[in-house]
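Subject: Structure handover

Hi,

Here is the structure I promised to pass on. Please open it alongside this note.

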Amino acid sequence: MDPECSSRVQLVFPVCRLELLMFRTALGRAARMSTYTTDKASPFTRAVISSMRKLYPEALADKSFDNTGLLLEAPFDPIRRQMNSVLLTIDLTKRVADEAIERKDCVVVAYHPIIFKGLKSLTLADSQQQSLLRLALEGISVYSPHTAVDAASGGLADWLADIVTGHLPSPEPATHTAKQEKTQEPIPEENEASANSEGKAHLDQPAGEKKRPQRPRMSMQRTYSKPTYPSHKPVDASKTDLEPSCVDHTRSVISPVEGVEGFEGAGMGRLITFSEPQPLTHLVERIAHGVGSPKGFPLAIPQGKQVEDIQIRTVGVSAGSGHSILKGVEADLLFTGELSHHEALAATEKGQCVITLFHSNSERGYLSSVLREKLTNILKEEWERLRKEVADAEELTPEWEDAVKDEDVLVECSQQDRDPFGVVILQSSKQEGKPLS
């Protein structure tokens with residue numbers, strides 16, 4: 001072997017051994033750091049949980065069925081840490097999980113618990129479990145407040161009550177049910193006109209000559225709109241002309257929750273009594289403005305009555321599926337997210353009116369209108385306190401130091417979250433059917 005070549009080979013092996021040793025050292029350091037952090041959530045996650053519990057203590061929740069609190073606690077990886085941000089959503093769907101992962105959020109606050117019952121396994125075959133596993137892998141925790149938000153003073157029930165007792169610019173617009181149009185002769189569809197022209201062409205065709213096959217034609221006329229959903233935008237004084245809770249009234253809790261210090265007067269549902277009866281048409285307008293201007297929502301009234309003639313003195317309010325709270329409540333109007341067919345029918349047979357919004361449309365506006373600002377304010381204070389506490393109490397690695405030095409706090413509402421149901425509107429057609437009467 002060439003002596004010069006031999007010296008080059010001898011030099012290569014020590015360098016390779018040195019690089020391998022450095023690589024093994026780095027792996028060992030990373031492994032020790034991983035072991036050190038696997039039993040801890042991120043400091044910012046702890047600040048979010050503490051803030052939510054101060055706003056909506058879990059003791060307020062209906063534990064007879066609900067599952068509130070920290071549902072997924074992701075271990076903190078200081079080397080690959082998330083942003084100091086919170087994503088608010090009503091439902092934790094796959095699209096919302098994708099959104100949180102893309103945004104690198106630290107915590108998802110999902111109003112509805114993604115875990116209601118005990119789990120015997122966690123697998124990728126189940127779509128909800130798949131979302132949880134993916135979020136845990138990315139270091140994102142999940143917290144659910146659910147009925148604690150319903151019960152709290154200034155919570156979801158009070159927000160809905162504020163909408164019903166709000167006021168639109170005076171005089172409030174008159175609302176009327178549409179009058180039934182006279183039946184008109186239908187306008188031929190494109191495919192009908194095509195069929196007529198083809199028939200005429202067939203008659204003009206010379207005898208004995210075979211008819212050429214026609215290519216199928218698709219009608220491009222849209223009969224129905226795409227599904228529409230209430231707006232995601234915040235519903236506050238700067239975004240809408242509805243002034244909340246300014247019509248003279250009294251309000252009381254339907255199902256009180258007692259024994260939670262500092263939360264006296266909390267409970268499920270609200271019963272509103274107006275000082276003066278309010279036209280049902282005005283309440284319809286207020287609700288539409290207050291929950292994000294949906295294109296429509298269900299209204300049930302007793303048979304034989306006209307919407308324009310109905311006056312409302314009392315309103316029972318409950319978010320979500322309201323039957324368990326509103327059953328037995330003597331009110332002129334029941335305002336909730338959803339009632340079953342038989343529950344609504346029983347109410348109208350008693351002379352009551354019912355307005356439903358689809359389940360989560362009675363809840364979603366609260367996130368942008370109230371919770372986002374509330375959580376941001378208290379989280380800034382809690383994060384400042386916890387940063388100092390962690391820095392003073394623990395000997396921190398450089399990565400942990402970077403984490404607690406980060407002063408940023410961001411709370412945002414999901415842009416992917418929506419109710420499963422949208423409203424599809426008939427287009428290019430006269431009204432058909434019988435108006436409410």
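Below is what turned up, going from the whole chain to single residues.

**Overall**

Please keep in mind that this is a predicted model. The protein chain has 437 residues, and 41% of them count as buried. Its secondary structure comes to 12 helices and 11 strands. I also looked at contacts between residues at least 6 apart in sequence. Of these, 74% join residues at least 24 apart.

For β5, look at β6 (residues 267-279): the two pair in the antiparallel sense over 7 bridges.

**Helix α10**

This helix covers residues 341-349. Which of its residues are buried? They are Ala344, Ala347 and Thr348. Seen down the axis of α10, the buried residues fall within an arc of 95 degrees, so they line one face of the helix. In general, an α-helix has 3.6 residues a turn, so residues three or four places apart point the same way. On the other side of α10, His342 and Glu349 are exposed.

What covers the buried residues of α10? The cover includes β7 (299-300), β9 (333-338) and β10 (353-356). After α10 comes Gly351, with a positive phi near 95 degrees.

Helix α3 spans residues 94-103. Val96, Ala97, Glu99, Ala100 and Ile101 are buried there. Note that Glu99 is on that list. These buried residues pack against β2 (85-89), β3 (107-110) and α4 (127-138). Lys104 follows α3, and its phi is positive, near 60 degrees.

Ser131 belongs to helix α4. Is Ser131 buried or exposed? Ser131 is buried, with a relative accessible area of 2%. Leaving aside neighbours within four places in sequence, Ser131 is in contact with Thr93, Lys94 and Ala97. Ala97 is one of the buried residues of α3.

**Thr68**

Thr68 lies in the loop between α2 (43-55) and β1 (69-72). Thr68 is buried, at 8% relative accessible area. That falls under the 20% cut-off for buried. Which residues does Thr68 touch, not counting those up to four places away in sequence? They are Glu58, Ala61, Lys63, Ser144, Pro145, His146 and Thr147. Ile114 is 46 residues from Thr68 along the chain, and their C-alpha atoms are separated by 9.8 Å.

**Cavities**

How many cavities of 30 Å³ or more does a search of the whole structure find? The search finds 3. The second largest cavity holds about 90 Å³ of space. It is lined by 11 residues, and the closest to its centre are Pro230, Ser231, Val291, Asn361 and Arg364. By class, the lining has 3 nonpolar, 4 polar and 4 charged residues.

Best wishes

Notes: Residues numbered from 1 in each chain as written. Predicted model: local features only at pLDDT ≥ 70, side-chain atom pairs only at ≥ 80, totals over all residues. Heavy atoms only, no water. Buried < 20%, exposed > 50% of the residue type's maximum accessible area, 1.4 Å probe, protein only. Helix = DSSP H or I, 4+ residues; strand = E, 2+ residues; numbered from the N terminus. Arc of directions from axis to C-beta. Contact = heavy atoms within 4.5 Å. 1 Å grid on protein atoms, 1.4 Å probe; cavity = no way out; pocket = protein on both sides within 12 Å on 5 of 7 lines; lining within 4 Å. Points joined across faces, edges and corners; volume = space filled by probe spheres on them. Nonpolar A, V, L, I, M, F, W, Y, C, P; charged D, E, K, R; others polar. Pairing = 2+ DSSP bridges.
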